[in-house]
Amino acid sequence: EEVMFNIFARINTGGLPLTQQELRHALIKGRGRDLLRELARNQAFLAATRGSINPDRMADREVIIRFLSFRRVADMADYKYPDLDAFLRNGMKELSVLPADDERVLIGDFERSMHAAKEIFGEHAFRKVFSNQKRVLPINKAIFETISVNLARLSRDELATLKSRRQQALNGLVGLLEAKDGVFLGDVSYSTGSASRVRRRFTAVEQMFREVIA
């Protein structure tokens, strides 16, 4: 499989090159394709993202496979994939053999997370947000996966508390992005597939949520 993707990457230069998600869709058959298509049309997802992710090049399906793949990682401290694309390819393959009950749980987690993100962060859901910001910024893939998966890991009571303290949660995200050390901002802006950056940003958001809830 690695050779197959390598060959496609080398010849994928004429005309309009395929995106990584388009490559995954073309080369990995199975249920994963259908599930991503269904969730890209999910009303909770469209509402949380304000329909702002262009589906033409499967950008919407890419953020969804990121959620589905990272949601199935039991402990982010164990995440050691040096290549995010390889991790997402593996995630798509696993969806094709996922038992129906597990799939239903995963879809429920996704919808609950989308509803929560919209209610807590509003128009800034899955986006960078700074003090005195004048406009809404685009969806950030790294923030999408980090926020959505961390929300999905919370209990219903914890989510209810977080929703009741939505302003503190938004302030917490601003605080992470504006931290003087610039670590979190870097982790969602550059080399976002780095295993160390992935672990660090997931931990930072988890801790922020826990502090707001507590």
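Which residues in α7 meet which residues in α10? I would like to start there, with the reminder that what we are looking at is a predicted model. On the α7 side the residues are E119, I120 and F121, and on the α10 side they meet R166, A169, L170 and L173. Sorted by class, that contact of α7 with α10 comprises five nonpolar and two charged residues, with no polar ones. As for the geometry, helix α7 covers residues 100-121 and helix α10 covers residues 166-177, and the two pack with their axes 8 Å apart at an angle of about 90 degrees. Since angles from 65 to 115 degrees count as roughly perpendicular, α7 and α10 are therefore roughly perpendicular to each other.

In terms of class, the contact of α9 with α12 divides into four nonpolar residues, one polar residue and two charged residues.

R71 itself is placed in helix α5, and, leaving aside residues up to four places away in sequence, R71 touches L106, D109, V149, A152 and R153.

Next, the charged pairs. Side chains of opposite charge can pair when their charged atoms come close. The structure holds 18 salt bridges, and one of them is formed by E103 with R31, where the closest N and O atoms are 2.7 Å apart. Because E103 lies in helix α7 and R31 in helix α3, the pair ties together parts that are 72 residues apart in sequence.

The largest pocket holds about 160 Å³ of space, and its lining is made up of R37, A40, R41, F45, L46, T49, G51, I53, P55, D60 and R61. The elements that contribute two or more residues to that lining are α3 (31-40), α4 (43-48) and α5 (59-71). By class, the lining of the largest pocket has five nonpolar, two polar and four charged residues.

Finally, I would draw your attention to two backbone values. R50, which sits in the loop between α4 and α5, has a phi near 60 degrees, which is a positive value in a residue other than glycine. N132, found in the loop between α7 and α8 (141-152), likewise has a positive phi of about 60 degrees although N132 is not a glycine.

Notes: Residues numbered from 1 in each chain as written. Predicted model: local features only at pLDDT ≥ 70, side-chain atom pairs only at ≥ 80, totals over all residues. Heavy atoms only, no water. Axes fitted to C-alpha atoms, helices over the stretch in contact; angles between N-to-C directions. Helix = DSSP H or I, 4+ residues; strand = E, 2+ residues; numbered from the N terminus. Parallel < 35°, antiparallel > 145°, perpendicular 65-115°, else oblique. Contact = heavy atoms within 4.5 Å. Nonpolar A, V, L, I, M, F, W, Y, C, P; charged D, E, K, R; others polar. 1 Å grid on protein atoms, 1.4 Å probe; cavity = no way out; pocket = protein on both sides within 12 Å on 5 of 7 lines; lining within 4 Å. Points joined across faces, edges and corners; volume = space filled by probe spheres on them. Salt bridge = Lys/Arg side-chain N within 4 Å of Asp/Glu carboxyl O.
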